[in-house]
Amino acid sequence: ETQRKVMPSAIQCLLALLFLRLNSKGVLSREDGGNVQRQQAAYRSGDAIDFSKSSLGTPQENEPVEYGVDVSFPIQHRKTSQNFDWLPHNLDPEHNVLPRHLKEKVIQPLGDRQKFYDDFLSSCIDYFSYKGMRCTVSENDRIQMSLSQPQSMKNYTKVGFKKIRAPAKVMKLISEFWEANKEKGTLESWGTANTYTNNWESPTYMVSVENHGLRGGGELLKQEIWDAARNTIQEWTNQELTQCSLYGIRVYTEGSILSTHVDRMPLVSSAIINVAQDVDEPWPIEVYGHDGKATNITMEPGDMVLYESHSVLHGRPFPLKGRYYANIFIHFEPVGHTLRHTKDSQGDNEEIDVDAKYKKDASRSVGGHEVDQAADDSDLPPYIIPGSLEEASWRKNHPKPSSGRHIRSITKQGDSLQHIHTAAQKGDIEGVMVALSKNKSILHQTDSNGWTALHQGARAGHKNVVELLYQSGADLNARTANGTGGTAMYWAKMELGEDHEVVSYLESLGAVDIGPDL
């Protein structure tokens with residue numbers, strides 16, 4: 001991993017010199033301008049030279065710049081630190097008092113990132129005109145989730161991320177698809193005022209592996225990529241994983257940024273692969289490990305970054321300098337069992353016979369993460385910490401089914417496709433849960449018109465139903481009419497309009513808007 005190289009600007013250096021004071025050892029000064037020029041030349045050449053502050057704020061080579069949240073971009077609060085490293089109290093703390101308004105602020109080594117963010121947000125508001133205030137709403141949602149979700153998540157690795165080379169089989173599948181279809185990407189629809197990217201200025205394109213119209217595309221390729229990547233991520237997390245989300249190759253264009261965020265559940269154990277790029281300088285992905293410190297990882301085509309996307313903050317807050325950057329996201333969800341079936345899902349040292357436990361649980365009709373939680377009658381996913389803030393939120397959207405007449409009625413009538421579709425249409429989340437508990441395969445089954453329960457719930461405007469179906473493994477971009485109709489996003493927009501909460505939710509997941517074939 002190569003950390004982003006950070007240098008004080010010429011203006012910052014001049015200001016620093018103006019504020020410096022004499023002490024008993026003489027005049028404190030920054031490095032001469034020639035050293036700054038050498039640093040800049042090294043950065044442009046791609047040499048692995050890092051910069052940081054000494055106790056006096058002097059840039060030093062071969063020392064990484066260390067920072068945490070709310071420095072490069074607002075992440076858990078709306079403001080970045082303005083405690084610049086070139087201010088007098090940082091350059092010469094013995095002779096300058098720390099201003100009161102900066103006492104709780106970490107040192108800011110990256111320049112005026114608040115102005116960068118303010119310009120970013122203003123451009124969104126201006127672009128979307130009378131709907132522009134939704135940009136602020138989108139940001140509030142991102143920041144709140146970045147603050148509350150990580151602390152409520154169970155982690156499966158010590159650091160939270162790792163850079164490797166993509167397995168040869170994975171890269172071969174993706175590269176061949178890219179080479180055959182790289183000119184056929186479609187404009188991604190981020191919806192109104194979605195601020196996860198600056199898509200209104202720098203659009204993104206999707207080369208969808210699900211698109212049967214592209215050479216080699218379709219469900220078979222999608223499954224092959226999942227299968228080829230699963231073992232690598234399972235070995236890293238030491239957890240059994242179930243496939244969760246895989247759309248295609250996203251192509252970012254010049255000037256793009258990706259706001260730092262955590263992924264919505266159940267996207268937990270994930271990977272990013274650099275497929276191809278045409279850049280003037282590296283475009284790092286900024287990740288925050290479990291220690292809270294930022295690392296900027298540069299990637300070349302074929303590089304793969306594994307990361308715990310539900311708890312590791314990640315983004316690209318520095319604009320892309322180049323023509324394009326193409327990567328693919330591959331997501332999995334832990335099912336609650338260690339990979340080798342010798343220890344429990346909490347990582348304790350107690351040895352257990354998981355195979356025997358499976359047989360016992362199978363007789364009780366439970367599986368997946370339900371197995372480890374059946375003993376305490378909990379349906380909480382294994383990656384949410386019991387008693388955390390996120391548990392309360394999750395339970396609000398996933399109420400436990402009652403044991404009364406409703407369940408007996410569904411059981412008596414059978415786990416038919418009609419029941420889950422009817423429940424999804426009516427917003428009967430309890431009915432949906434009961435149907436899934438009896439036969440999860442109906443999640444992907446379609447009616448005579450090719451509609452899944454997700455299509456029904458999305459069109460009817462029931463966000464809690466859509467969220468439950470998605471978290472249960474529904475195909476977000478499945479199309480009606482045997483693959484020739486519309487996606488859930490398309491039908492939601494058609495019936496509800498672009499401002500509906502279901503549309504916003506689907507947009508936040510990266511759902512695509514594809515209408516019926518003409």
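User: Which helix holds Arg113?

Analyst: Happy to start there. This is a predicted model, where local features need pLDDT of at least 70, side-chain atom pairs count only at pLDDT 80 or more, and totals for chains, interfaces and linings use all residues. Residues are numbered from 1 along each chain as its sequence is written, and side-chain values use heavy atoms, leaving out hydrogens and water. Helices are DSSP runs of H or I with at least four residues, numbered from the N terminus, and Arg113 is found in residues 113-127, helix H4.

User: Which side chain of opposite charge is nearest to Arg113, and how far away is it?

Analyst: Arg113 is buried, meaning under 20% relative accessible area with a 1.4 Å probe, protein chains only. Arg113 has no salt bridge, which would need a side-chain nitrogen of Lys or Arg within 4 Å of a carboxyl oxygen of Asp or Glu. The nearest side chain of opposite charge is Glu286, at 7.0 Å.

User: Which backbone oxygen lies 2.7 Å from a polar atom of the Arg113 side chain?

Analyst: Contact means heavy atoms within 4.5 Å. Beyond four places in sequence, Arg113 touches residues including Val71, Phe73 and Pro317. The backbone oxygen 2.7 Å from a polar atom of its side chain belongs to Ser72.

User: Which helices do the buried residues of H18 pack against?

Analyst: Helix H18 covers residues 501-508, and its buried residues are Val502, Val503, Tyr505, Leu506 and Glu507. Just after H18, Gly510 takes a positive phi of about 85°. The buried residues of H18 pack against helices H14, H15 and H17.

Technical notes. Helices (H or I, at least four residues) and strands (E, at least two) are DSSP runs, numbered from the N terminus. Buried means under 20% relative accessible area, exposed over 50%, partly exposed in between (1.4 Å probe, protein chains only). Lys and Arg count as positive and Asp and Glu as negative; His and the chain ends are not counted. A polar contact is a pair of N or O atoms within 3.5 Å; within protein, one must be able to donate a hydrogen and the other to accept it, and residues adjacent in sequence count only if both atoms are side-chain atoms.
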